[in-house]
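Visitor: I'm new to this structure and would like a close look at one single part of it. Could you pick a residue and walk me through its surroundings?

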Amino acid sequence: MPTASESLAKLSASLAELSQRAKEAEDHAAAARNETREQLEARVAQAKSTAQQRREEMKARGAKVKDDLAGAWASLQAHVQEQLEKIGAKLDEKRDDDDAKAAERRAEEAEANAADAVDFATYAVGEAEAATLEAAEARKIADAQHPSTPSSTG
């Protein structure tokens, strides 16, 4: 069984990785303004590939991410909130309970819920990056087809 500090260290590392991925997505979106259409197409393809890989990794780990991102997010939030409320209620009821096995089970459930939330957030960041880059690519295409130069009709 992992110790509390090992569990927290693992969650901290996961959150640090999520933070790094979010920063990378932000940097890629900012750089997209100055890239050519071909560069954007390549970046979109890479972002989609990375997002697909992360989806497959999550499925392999047993993550239950639904196709509808909004539905999955709402479901995850509700589940995490429900688990936190259950854990909070159990802790309130058994504050003085010295049952180490029950406390360990509650800790493992809370850690698993936190890990699931981090996994989902990592997936969501990848999807957001891909969608942002697709939008940038679509804008480049639209701008190329309809230049925004003022027409001189009179």
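Guide: Let's start with a term: a polar contact is a pair of N or O atoms within 3.5 Å; within protein, one of them must be able to donate a hydrogen and the other to accept it, and residues adjacent in sequence count only if both atoms are side-chain atoms. Keep in mind that this is a predicted model, where local features need pLDDT of at least 70 and side-chain atom pairs count only at pLDDT 80 or more, while totals for chains, interfaces and linings use all residues. Residues are numbered from 1 along each chain as its sequence is written, and side-chain values use heavy atoms, with hydrogens and water left out.

Our residue is Glu129, and its side chain is joined to that of His28 by a polar contact of 2.4 Å. The Glu129 side chain also has a polar contact with the side chain of Arg21, at 2.9 Å. Leaving aside residues up to four places away in sequence, Glu129 touches Arg21, Ala25, His28 and Ala47, where a contact means heavy atoms within 4.5 Å.

Is Glu129 buried or exposed? Glu129 counts as buried because its relative accessibility is 7%; the cut-offs are under 20% relative accessible area for buried and over 50% for exposed, with partly exposed in between (1.4 Å probe, protein chains only). Across the chain, 21% of the 154 residues are buried.

Now for the setting: Glu129 sits in helix α4, which covers residues 100-145. The chain has four helices and zero strands, these being DSSP runs numbered from the N terminus (helices: H or I, at least four residues; strands: E, at least two).
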